Amino acid sequence: MIFRQLFDPQSSTYSYLLGDRATGMAVLIDPVFEQVRRDAALIAELGLRLAWTLETHVHADHVTGASLMKQRLGSRIALSGRSGAVGADRMLGADDVITFGERRLLVRPTPGHTAGCLTYVLDDHHAAFTGDCLLIRGTGRTDFQQGDAAAMFRSVHEQIFSLPESCLLYPAHDYRGLTVTSVGEEKRFNPRLGGEVGLGDFVGHMENLRLAHPKKIDIAVPANLQCGRPETVQEPGADPDWAPLTYSFAGIWEINPHGLEEHAAAVQILDVRQPDEYAGPLGHISGAILIPLGELAARAAELRRDRPIVAVCRAGSRSAQALTILQQAGFADLANLAGGMLRWRAEGCPVDGGGV
Ligand SMILES: N[C@@H](CCC(=O)N[C@@H](CS)C(=O)NCC(=O)O)C(=O)O
Ligand SMILES: [Fe+2]
């Protein structure tokens, strides 16, 4: 199986991408609104098709990316029938099964943090995604959104600690950068409800957490009750539309050779190779401005600010660094020629100079 743990640093949220190798079908658990572009890039690069976005619960600290993913990738949205949310494609309850290709996630309700919290258990019981019920050596809070400490204690003991000791547990958050735990570990070492800790001890602990409310709660909860419909929140920056660009998981806007050929007249093509390469066997794109990468920071003022820039080099690596330098110099509309002159030539695009 393909498995990726993805992090949103602003809210310390983990999203989980699970893909079935045999069919390429995937699910994404707890997508974050501001990370949809990044996550969609990864899904494309791994050659996956996103079947479902799954919520572990209605989040109070960030907006879900479920609706934006549905808009971009046609994925369907599922969450608990007890969540109170509208706009989902499927409302889940006990023992429901989410199928993606030849793999399955099994639904176990684990209320306590909210009434509609779910844990998703992988078909082979190798891993479970516990949302904000069981965290690593901790638990989610129980002081708002129908929180109920006694319910959480039962959820953990009956629905999570009943899994095999070796089952890996992946939470929706960790505020210390910890990434994964296991049933056996949490049974022994969870300070809130592991070992001999009883229900009364746990409730006493939870009643005295004294946490400040999440900063975004007033935006996040109403938006999440509509599955993060873009109209309910301010959109993250729109995608650039000056040429057909693709965003990569590496964080770079890219253009392919034929896209650049079509838009060449409207952009500045910046070649950051050495002069001997520019004049060498690969040739160069007609009209390309030559500024070697090492000189770019000092010579950026030679470029116009009112036209997008496409950076070019031999294979696409130095030109990617050129974008960082130009960004630091305040340029906005930037893209990298994917694969550089090697791919430009391989795809039969025309060059000035160069050998055959
Ligand atoms: N400082 C964070 C608070 C986040 C928070 O309250 N997280 C919830 C999950 S939605 C929780 O259960 N936290 C447990 C804890 O902080 O111990 C924010 O403002 O977003
Ligand atoms: Fe939460």
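The shell around ligand 1 divides into three nonpolar, three polar and five charged residues, in what is a predicted model. The residues that surround ligand 1 are Asp-61, His-113, Asp-132, Gly-140, Arg-141, His-173, Tyr-175, Arg-192, Leu-211, Pro-214 and Lys-215, and the space that ligand 1 takes is the largest pocket.

- The side chain of Arg-141 places an N or O atom 2.6 Å from an oxygen atom of ligand 1.
- Tyr-175 contributes a polar side-chain atom that lies 2.8 Å from a nitrogen atom of ligand 1.
- Lys-215 takes part through its backbone, where an N or O atom lies 2.8 Å from an oxygen atom of ligand 1.
- Ligand 1 taken alone exposes 510 Å², and the protein buries 81% of that area.

**The six-stranded sheet**

- Six strands form an open sheet with mixed pairing, in the order β7-β8-β9-β10-β13-β14.
- The edges of this sheet are β7 (97-100) and β14 (181-182), and because each has a single partner strand, one side of each is left without a neighbour in the sheet.
- In general, the strands of a sheet pair through backbone hydrogen bonds, in either a parallel or an antiparallel sense.

**The pairing of β10 and β13**

- Strand β10, which covers residues 127-131, pairs with strand β13, residues 168-171, in the parallel sense over four bridges.
- Within this part of the sheet, Ala-128 stands opposite Leu-169 in β13.

Conventions:
Residues are numbered from 1 along each chain as its sequence is written. Chains are lettered from A and ligands numbered from 1 in the order in which they are written. This is a predicted model: local features need pLDDT of at least 70, side-chain atom pairs count only at pLDDT 80 or more; totals for chains, interfaces and linings use all residues. Side-chain values use heavy atoms; hydrogens and water are left out. Two strands pair if DSSP finds at least two bridges between them. Helices (H or I, at least four residues) and strands (E, at least two) are DSSP runs, numbered from the N terminus. A residue is near a molecule or strand if one of its heavy atoms lies within 4 Å of it. A polar contact is a pair of N or O atoms within 3.5 Å; within protein, one must be able to donate a hydrogen and the other to accept it, and residues adjacent in sequence count only if both atoms are side-chain atoms. Accessible areas come from the Shrake-Rupley method with a 1.4 Å probe; for residues, only the protein chains shown count as cover. On a 1 Å grid over the protein atoms alone, a cavity is a set of points where a 1.4 Å probe fits but cannot get out, and a pocket is an open set with protein on both sides within 12 Å along at least five of seven lines; lining residues have an atom within 4 Å of a point. A molecule sits in a cavity or pocket if more than half of its atoms lie within 2 Å of its grid points. Ala, Val, Leu, Ile, Met, Phe, Trp, Tyr, Cys and Pro count as nonpolar, Asp, Glu, Lys and Arg as charged, and the others, Gly among them, as polar.
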